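Hi,

Here is the structure I promised to hand over. Have a look at it first, then read on for what turned up.

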Amino acid sequence: MTKGRPPGEGREPLRRPSGALGRNSPDGPGVGAGHERCARTPTPGRARRVMKIGIIGAGNIGGNLTRRLTALGHDVSVANSRGPHTLTALAEETGATPVTVEEAARGAEVVVITIPVKAVPDLPSGLLDGAAEGVAVIDTGNYYPRQRDGRIAAIEDEGLTESRWTERQIGHPVIKAFNGTYAQDLLDGPRPAGDPDRMALPVAGDDEAAKRTVRALIDALGFDTVDAGGIDDSWRQQPATPVYGLRAGADAVTKALAEASPERTPEFRG
């Protein structure tokens with residue numbers, strides 16, 4: 001395992017809990033034997049609206065979100081940088097539609113961007129032009145200047161949060177979610193509402209309507225959510241903060257967000 005790799009892109013967080021599964025690693029398949037049933041088991045007792053969802057990035061987080069969201073009955077299109085022909089197996093497993101990155105947001109009510117931060121500027125211009133009105137865009141990314149992304153001046157010198165920087169690149173508001181989530185927990189972690197072992201995920205964003213959409217989607221996936229504020233507050237869930245990689249309920253997540261420091265630790269500065 002490489003120290004500090006982001007769970008939000010299918011990799012382990014900096015503080016790997018004991019017993020965490022190697023299937024979350026970037027070189028692993030993201031799904032272990034026997035997890036097909038878990039991936040296809042909807043959260044019981046919840047009425048849901050079927051949505052068209054585009055996922056850009058098919059690493060462990062993107063792949064497992066594809067598995068879970070198709071299992072919930074959503075119409076999912078999935079894309080990666082290598083082209084639809086590389087997504088045949090995932091499409092056959094899940095029923096998702098493999099598409100090009102340019103096509104991923106077409107008609108989508110929710111778009112998930114789950115790619116390395118350094119790749120965000122390479123997304124096609126007008127990516128969201130064909131999306132549904134009011135599309136909610138989820139950013140799962142984490143900034144790793146030393147390990148992967150290189151130094152980004154606007155983040156380092158202007159003090160932009162990672163997701164505010166991403167917003168500027170794509171020209172659309174984002175909701176920061178799943179960036180501190182273990183990929184395997186998307187399959188193994190869902191619990192019904194009210195279960196004492198139900199985990200909570202922090203969700204930050206400025207667009208309140210989009211945030212409500214994302215929080216409802218996460219609830220349907222089997223997790224509670226905690227409102228982590230606006231995108232300028234999303235440093236509270238960036239790498240090396242107390243909530244990053246935390247597997248806990250809403251009270252503990254709320255406490256961890258409050259204890260975060262805005263100062264980046266040395267290993268996360270370029």
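**What I found**

Let's start with Phe-178, which counts as buried because its relative accessibility is 3% (buried means under 20% relative accessible area, exposed over 50%, and partly exposed in between, with a 1.4 Å probe and protein chains only). Before going further, a word on where this comes from: this is a predicted model, local features need pLDDT of at least 70, side-chain atom pairs count only at pLDDT 80 or more, and totals for chains, interfaces and linings use all residues. Residues are numbered from 1 along each chain as its sequence is written, and side-chain values use heavy atoms, with hydrogens and water left out.

Back to Phe-178: you'll find it in the loop between β6 (175-176) and α7 (185-188). Helices (H or I, at least four residues) and strands (E, at least two) are DSSP runs, numbered from the N terminus. Phe-178 isn't a glycine, yet it has a positive phi of about 70°. For background, most residues other than glycine have a negative phi. Ala-240 is another non-glycine residue with a positive phi, near 75°. Ala-240 sits in the loop between β8 and α9 and is partly exposed, with a relative accessible area of 23%.

**The whole chain**

The protein chain has nine helices and eight strands. Of its 270 residues, 55% count as buried. Looking at contacts (heavy atoms within 4.5 Å) with a separation of 6 or more, 71% are between residues 24 or more positions apart.

**Rings**

How many aromatic pairs does a search of the whole structure find? It finds one. The partners are Tyr-144 and Phe-268, edge-to-face, at 5.2 Å centre to centre and with 80° between the planes. The rule here is that rings of Phe, Tyr and Trp (its six-membered ring) pair if their centres lie within 6.5 Å; planes under 30 degrees apart count as stacked, over 60 as edge-to-face and the rest as tilted. Tyr-144 is in the loop between β5 (136-139) and α4 (145-149), while Phe-268 is in the segment after α9 (250-258), so the pair ties together parts that are 124 residues apart in sequence. Both Tyr-144 and Phe-268 are buried.

There is also a charge over a ring: the charged end of Arg-247 sits over the ring of Tyr-182, 3.8 Å from its centre. To count, NZ of Lys or CZ of Arg must be within 6 Å of the ring centre and within 35 degrees of the ring normal.

**Helix α9 and a neighbour**

Which residues of α9 are buried? They are Val-253, Ala-256 and Leu-257. Seen down the axis of α9, these buried residues fall within an arc of 100°, so they line one face of the helix (the arc is that of the directions from the helix axis to the C-beta atoms). On the face turned away from that buried side are the exposed residues Asp-251, Lys-255 and Ala-258. The buried residues of α9 pack against β7 (200-205) and β8 (224-227).

Val-243, in the loop between β8 and α9, is buried at 4% relative accessibility. Leaving out residues up to four places away in sequence, Val-243 touches Pro-202, Arg-236, Gln-237, Val-253, Ala-256 and Leu-257. Its C-alpha atom is separated by 7.5 Å from that of Gly-180, 63 residues apart along the chain.

**Helix α6**

Seven of the nine residues of α6 are buried, so this helix is largely enclosed by the rest of the structure. Among them are Trp-165 and Ile-170. The buried residues of α6 pack against β4 (110-113), β5, α5 and β6. After α6 comes Gly-171, with a positive phi near 70°.

**Two crossing helices**

The axes of α2 (residues 60-71) and α8 (residues 208-221) come within 10 Å and cross at roughly 80°. That makes α2 roughly perpendicular to α8. Leu-65, Arg-68 and Leu-69 of α2 make the contact with Leu-217, Ala-220 and Leu-221 of α8. Axes are lines fitted to C-alpha atoms, for helices over the stretch in contact, and angles run from 0 to 180 degrees between N-to-C directions. Angles under 35 degrees count as roughly parallel, over 145 as roughly antiparallel, 65 to 115 as roughly perpendicular and the rest as oblique.

Cheers
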